[in-house]
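Please read these notes with the model open beside them.

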Amino acid sequence: MFLYLSKLLPLFFYPLGLACVSLVVALVALWRQPRIAAIAITLALTLLLFCSNAWIAKSLVRSLEWQNLPLPEIPNAEAIVVLGGATKSAFPPRPTVDLSESGDRVIYAAQLYRQKKAPIIILSGGRIDWRGSGSPESGDMATILTSIGIPSQAIIQEPESLNTYQNAVNVRKILEARGIKQVLLITSAIHMPRSLKIFQRQGINVIPAPTDFLVSQGELQEISSTPKAAILNLLPDTDNLHQFTTALKEYIGSFVYRLRGWL
């Protein structure tokens, strides 16, 4: 139940969900309470304009992603841990497993393995039942890795976890069973602050190896590179709204996890 509610309830606090709630209130109150309707419409419009401009969205994303910048030289470790959320299952008409927007996680794991940064790759991620059947995310990631030449004997799957806390708990069991003391943790840069704290709370010696950065120095410079760019980046954009929502999701997740004592 916690898992379901943790996915459902935040939807009403994200910009799009909150704007929709405001518009529903406006629709109900339009005839009898036009003042309330006007306030609700104003709130919805303000939310969408505020949260979908590049200045705000990219600043919020940066506040998370740049907490753990890539190290100049990635040190060697005993294992590479990759968190799920990077693949789309092979449902028709897909010919095979696809990489999602966060698919850099899988490619980066392969790169670090080939650089001999660790001898094994631990893939952590199950499959939430209401999001469709099929193989767990760990299995999908393994399919991608073996298809690009990573030997199957170098891959360990953890197919049970359904959230980041479970990732850490289940991976810790694998590490303890194998006597592994130090790991490279791969996940999206925006997800790394929360993931890193959860793994450290489990007593795991973690070296962050973030990837899938949404905001770079070039993109930040581009926002204000010219007066025209500065104005255009104030206008609403769906990609900016998505980035803002993703960052807000991480802040809400950290708050909830802290309340549960997982951070």
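1. Buried means under 20% relative accessible area, exposed over 50%, and partly exposed in between (1.4 Å probe, protein chains only). Ile36 is partly exposed, because its relative accessible area is 38%.

2. The model is predicted: local features need pLDDT of at least 70, side-chain atom pairs count only at pLDDT 80 or more, and totals for chains, interfaces and linings use all residues. Residues are numbered from 1 along each chain as its sequence is written, and side-chain values use heavy atoms, leaving out hydrogens and water.

3. Ile36 sits in helix 3 (residues 34-51). Helices (H or I, at least four residues) and strands (E, at least two) are DSSP runs, numbered from the N terminus.

4. Helix 4 (residues 54-65) has 12 residues, which at 1.5 Å a residue should span 16 Å; its end C-alpha atoms are 16 Å apart, in agreement. The expected span is 1.5 Å times one less than the number of residues.

5. Which residues of helix 4 are buried? They are Ala54, Ala57, Lys58, Val61, Leu64 and Glu65. These cover an arc of only 120 degrees around the axis, so they lie on the same side of helix 4. The arc is that of the directions from the helix axis to the C-beta atoms. An α-helix has 3.6 residues a turn, so residues three or four places apart point the same way.

6. Cover for the buried residues of helix 4 includes helix 3, helix 8 (192-201), helix 9 (217-223) and helix 11 (238-259). Contact means heavy atoms within 4.5 Å.

7. The protein chain holds 11 helices and 7 strands. Of its 263 residues, 46% count as buried.
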